[in-house]
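Please walk me through this structure.

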Amino acid sequence: MVNQGRYDRNLSTISHEEQALLARSHVAVIGLGGLGGGVCEMLARTGVGTLTLVDGDIFDTTNLNRQLLSREENIGGSKARAAKERIFAVNSTIQINALQAYADETNFYGMIQGADVVVDCLDTIDTRFLLQESAQRAGLPIVSGAIAGVCGQVTVIFPQDSGYELIYGKKKQAHSPGVETQTGNISYCALFIASLQASECIKVLLKRGDILRNKLLIADLWSNSFEVMDLL
Amino acid sequence: MIQIDLKLFVTLAKYLPAGGQAHEIKEETSVNDLIKDLGIPPDIVKLIFINGKKKDGNYCIQHKDRVGMFPPVGGG
């Protein structure tokens, strides 16, 4: 048991009661690439007690530039398995449900059912709409992040909110994929946005702080622009 | 003429005029007019923000407005 002292450095910022609440919490991280690899590690280190980690993909060499879970020796291996191994190595006291599966309209609901929060780390816009439909059905909030190049965005969507329609327009008119197919993605931007997602997730779980509900935080690391925009 | 603060994000940044963010436009210019004047293909502008609030392309830009445009971003 290595929990003695594990959260000592949390406890000036997060109370004992809040830390205990996190230990009882369950977060589903959907997508374990540039965003999800960072999000799941930060949630595990902060002390979220149960993590469902979902990705059907395997690593290839193009992931090495930014995806924390990818290593030279696990190219060709499952992202979900790598996430489980990494999170267990970091915090063996938490419950990990790793699912190697691509999410679609038939299985999203089952994947997220029982969680308290869903973190959207997906990489296509149309799949994000599908996730929102399932999260609304399950009554769960979504913490969403998206990146392109060195720019990114974060928002929080509660079940009764319009959510992605406010950002991408009507589902049928939404571009998928977005401009990241032209820009690629850079590691420090992925982890910057992942950090903001982890922060929003903890705030939603603790019902504390200002949450980006109906707001979109936009970051451009070339110009050091960090703006919170009102979507309504 | 009126002055605006123009921010174009991600792939839209290449359409920023030579003068940079401080940009002069004619009065009574809508965001749709501005998109056309800058030569931006309209279908790649997904979000328009004026002074930190989401607006549509019909908004008539005012002096000293902060105008931001964002393309669809979906990477993970």
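The questions below go from the chains to their helices, strands and contact.

Q: What kind of model is this, and what pLDDT do local features need?
A: This is a predicted model; side-chain atom pairs count only at pLDDT 80 or more, totals for chains, interfaces and linings use all residues, and local features need pLDDT of at least 70. Residues are numbered from 1 along each chain as its sequence is written, while chains are lettered from A and ligands numbered from 1 in the order in which they are written.

Q: How many helices and strands does chain A have?
A: Helices (H or I, at least four residues) and strands (E, at least two) are DSSP runs, numbered from the N terminus. On that basis chain A has eight helices and eight strands.

Q: What radius of gyration does chain A have?
A: The radius of gyration is taken over C-alpha atoms, and the globule rule is 2.2 Å times the number of residues to the power 0.38. The C-alpha atoms of chain A fill a box of roughly 50 × 40 × 40 Å along the principal axes. For 232 residues, a compact globule would come near 17 Å, and chain A agrees with 17 Å.

Q: Which word describes helix 2 of chain A relative to helix 8 of chain A?
A: Axes are lines fitted to C-alpha atoms, for helices over the stretch in contact, and angles run from 0 to 180 degrees between N-to-C directions. Angles under 35 degrees count as roughly parallel, over 145 as roughly antiparallel, 65 to 115 as roughly perpendicular and the rest as oblique. The axes of helix 2 of chain A and helix 8 (residues 187-206) of chain A come within 8 Å and cross at roughly 45°. That makes helix 2 of chain A, relative to helix 8 of chain A, oblique.

Q: Which residues of helix 3 of chain A make the contact with helix 2 of chain A?
A: The axes of helix 2 of chain A and helix 3 (residues 79-90) of chain A come within 10 Å and cross at roughly 25°. These two helices of chain A are therefore roughly parallel to each other. Residues are in contact if their C-beta atoms, placed from the backbone, lie within 7 Å. Helix 2 of chain A gives A:Gly37, A:Cys40, A:Glu41, A:Ala44 and A:Arg45, and helix 3 of chain A gives A:Ala83, A:Arg86, A:Ile87 and A:Val90.

Q: What pattern does chain B follow along the sequence?
A: Chain B has one helix and five strands. Read along the sequence, they give β-β-α-β-β-β.

Q: Which residue in the turn between strand 3 and strand 4 of chain B has a positive phi?
A: Two strands pair if DSSP finds at least two bridges between them. Strand 3 of chain B and strand 4 (residues 53-55) of chain B pair in the antiparallel sense over three bridges. B:Ile50 has B:Lys53 as its bridge partner in strand 4 of chain B. The two strands form a hairpin with two residues between them, and the turn residue with a positive phi, about 50°, is B:Asn51.

Q: Which residue in strand 5 of chain B stands opposite B:Ile48?
A: Strand 3 (residues 47-50) of chain B also pairs with strand 5 (residues 66-70) of chain B, in the antiparallel sense over four bridges. Opposite B:Ile48 stands B:Met69.

Q: Which strand supplies the largest share of the side of chain A that touches chain B?
A: The contact takes 37 residues from chain A and 17 residues from chain B. The largest share of the chain A side is four residues, and they come from strand 8 of chain A.

Definitions and conventions. Two residues are in contact if their C-beta atoms, placed from the backbone, lie within 7 Å.
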